[in-house]
Amino acid sequence: MTDRARSATRSGGDPRQAETHCPYCALQCGMVLRETGDRVEVLPRQFPTNRGGLCQKGWTAAELLDHPDRLTTPLVRDPATGELRPATWAAALDRIAAGIRAVQTGHGRDAVAVFGGGGLTNEKAYALGKFARVALRTRHIDYNGRWCMSSAAAAGIRAFGVDRGLPFPLADLGRAETLLLVGANPAETMPPLMRHLADQRERGGRLIVVDPRVTATARQADLHLQPLPGTDLAVANALLHIALTEGLIDKDYVAARTTGFDEVRRTVAGYWPAEVERLSGVPVADLEATVRALGTARSAIILTARGAEQHAKGVDTVSAFVNLALALGLPGRPGSGYGCLTGQGNGQGGREHGQKADQLPGYRKIDDPAAREHVAGVWGVDPDDLPGPGVPAYQLLDSLGTPGGPRAMLVFGSNPVVSAPRAAHIESRLRGLDLLVVADFLLSETAALADVVLPVAQWAEEDGTMTNLEGRVLRRHALREPPPGVRTDLAVLTELAARLDAPASFPADPAEVFTELRRASAGGVADYAGVSWERIDADEGVFWPCPDPDGPDTPRLFADSFATPDGRARFQPVTHRPAAEPVCADYPLHFTTGRVLAQYQSGTQTRRVAALRRAAPNGFVELHPDLADRLGVAEGDEVRVASRRGELRAPARVTPTIRPDTVFAPFHWGGAARANSVTSDATDPVSGMPEFKICAVRVEKA
Ligand SMILES: Nc1nc2c(c(=O)[nH]1)N[C@H]1C(S)=C(S)[C@@H](COP(=O)(O)OP(=O)(O)OC[C@H]3O[C@@H](n4cnc5c(=O)[nH]c(N)nc54)[C@H](O)[C@@H]3O)O[C@H]1N2
Ligand SMILES: Nc1nc2c(c(=O)[nH]1)N[C@H]1C(S)=C(S)[C@@H](COP(=O)(O)OP(=O)(O)OC[C@H]3O[C@@H](n4cnc5c(=O)[nH]c(N)nc54)[C@H](O)[C@@H]3O)O[C@H]1N2
Ligand code: SF4
Ligand SMILES: [Mo]
């Protein structure tokens, strides 16, 4: 059955309508797509995450389906002129297969790399991981999820033995008496989520936000802590220090459900609130008010997002907040807990099915012999033929074209020329490849560098599943067939696998892939064996783990035990350390980056939508009026932000909502305004997460 015919069955037989989810962020708002005349209309749909709401990006998502910039034919770079020229699919795929063979013959299997994305469906993420390990037999695969929630994932596994962004349904936020958001700006990054926070407020709950900027989210908070970027770990340790001195620890919980508290207690003893106030700028009184609000509430939730996590100490910072949550007895207590706000549409599922360097499907470890045996069995190959772990994204991109590094790369669902740290350097690495292949539906900045560009289907043209920030597996329903000339990512992998004589099957039908994924994940941490497309449709999604088709799913984790060998959560002693690049006389200011409501990620998609372009037409640099005065900069003046790696130029936005020692830029633009020309390439030693959220810069009027 074609995707569209299958989905029409779901929408009551009306082929011009489909119930699906937004293509963008991890909230995965429910929407209905309707074909009216020659356009596709987006209507919001009641779903537990968005409750009938959509943000501007969701409302306008269908505009890209028939956009004039849409790619509808493969492009191959002409060796004579150096330009990308339209080609047939056969020519483009042959060119790729020949290029891969040449590189692997000359330089070994690991000389070909794959770079995936957290926006790919589960089926595609699974197929891509399998393609790398079985068709290419390379260890080099990683993906942009490494830029995203890898620090929270590592800390979650360390403490709880499992990484599921929210271990409870989102609606729990609305019932929490106290909610602490650390480095999260959902008013701009997940606007319909604010409905749950409105519920919380109506019920008399307290919202506390930790952010160096007075964001749209911080403005709604009862208390806003405005720390220097990169000091969250110290703040968390000070909070735990105060909880100890004020007797707010849940001793029974710590004794019954955790291990390792004594060492953490000793560590945080040294985090005197007054010292942490000097380091972070957060007043002691605010630290105390925060702990009391958390420690005396009947229910409390602590959430982290990229502001806390995108640091070279991101894992330890998350661990510090997890320690606090455990000491207060929150994880597993009804209505309470710790969670991470996952970012991309399938940021959660994308990290479960094997596109991460060290993983196999079902959140299995690629260096675990039992995991290799199981997955190789499903794939019908010898476990000894599966490669070992590769390296994290930045290390991978930085090694491209260097002696011993990969010489060819296939990119599915990312635009690293804009989104990678130290992007100018990464761009030059990409230029040095023998073969760069990009599958996309638009000519992203990365696709523009490719030797072969493959035009692929968009979200409204394919079936599949996505796993949202709650760990809820959802169904993406096709509204219509892809336009002529366009193929699906899965079909591309099918064709390439055949040309490379892959020793396993690569079905193009997502239903077939999902059936295989269920088997491959069975028995793993992220067990999807009991999830079926029908069950997803019948139940408003299915929460993993769900091992049994006739058994329950798991909306809430940790009620009775944690996923560790002894069932207890593990405290992790962590200590503050400064940012990788301290400020100095030449680079005296802190630079941090993030998002605006109307643009998404590297901007490939949203910069092409007229209404979003009007709302957020170009990059900018936020600076405090005192700093602007000192630099002689007025609102709208073009400024230059320079670091040791490079510079960006964009108009100044002078605002008292940012700390005077810090400047901020969104990362959604390429070219002169590219924030990642400036960012640091320091990474977390455990997760490989880059330090997107702090480096040292100099700012001047351009
Ligand atoms: N509009 C829009 N929405 C999106 C996306 C998008 O690109 N655009 N992307 C999606 C994705 S993939 C993701 S990962 C999420 C990200 O969602 P968020 O994490 O909410 O987004 P960011 O803007 O990256 O960072 C949040 C906040 O961290 C603050 N911050 C900076 N440095 C620090 C620090 O050192 N400490 C603390 N505590 N805070 C700091 C910033 O000021 C910013 O307000 O958004 C998702 N939703
Ligand atoms: N300075 C700074 N840099 C950052 C961040 C930050 O906060 N600050 N945040 C980081 C984070 S959290 C993230 S998630 C990354 C995201 O940054 P990227 O990885 O660049 O993500 P996108 O811009 O979403 O890129 C997706 C690309 O794939 C295409 N695409 C979308 N869906 C599909 C599909 O199904 N198949 C195929 N083949 N292509 C598809 C889109 O058109 C687009 O070109 O950026 C990171 N970079
Ligand atoms: S909040 Fe996220 S999922 Fe919802 S409409 Fe906006 S971009 Fe789409
Ligand atoms: Mo992300």
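Arg 206 and Glu 177 form a salt bridge in this predicted model, with their closest N and O atoms 3.8 Å apart. Here a salt bridge is a side-chain nitrogen of Lys or Arg within 4 Å of a carboxyl oxygen of Asp or Glu. The pair joins distant parts of the chain, 29 residues apart: Arg 206 belongs to strand S9 (residues 206-210), while Glu 177 sits in the loop between helix H5 (150-160) and strand S8 (178-182). Helices (H or I, at least four residues) and strands (E, at least two) are DSSP runs, numbered from the N terminus. Arg 206 is partly exposed, because its relative accessibility is 33%; buried means under 20% relative accessible area, exposed over 50%, and partly exposed in between (1.4 Å probe, protein chains only).

A second salt bridge connects Arg 292 with Glu 246, whose closest N and O atoms are 2.7 Å apart. This pair also links distant parts of the chain, 46 residues apart, with Arg 292 in helix H12 (residues 284-295) and Glu 246 in the loop between helix H8 (232-245) and helix H9 (251-257). Arg 292 is partly exposed at 37%, and Glu 246 is partly exposed at 33%.

Salt bridges can also join up. Arg 640, Glu 647, Arg 649, Arg 698 and Glu 700 are linked in a network of them. Within it, Glu 647 pairs with Arg 649, the closest N and O atoms being 3.3 Å apart. By the rule given above, the count comes to 48 salt bridges.

Residues are numbered from 1 along each chain as its sequence is written, and side-chain values use heavy atoms, leaving out hydrogens and water. Because the model is predicted, local features need pLDDT of at least 70 and side-chain atom pairs count only at pLDDT 80 or more, whereas totals for chains, interfaces and linings use all residues.

Terms used. Chains are lettered from A and ligands numbered from 1 in the order in which they are written.
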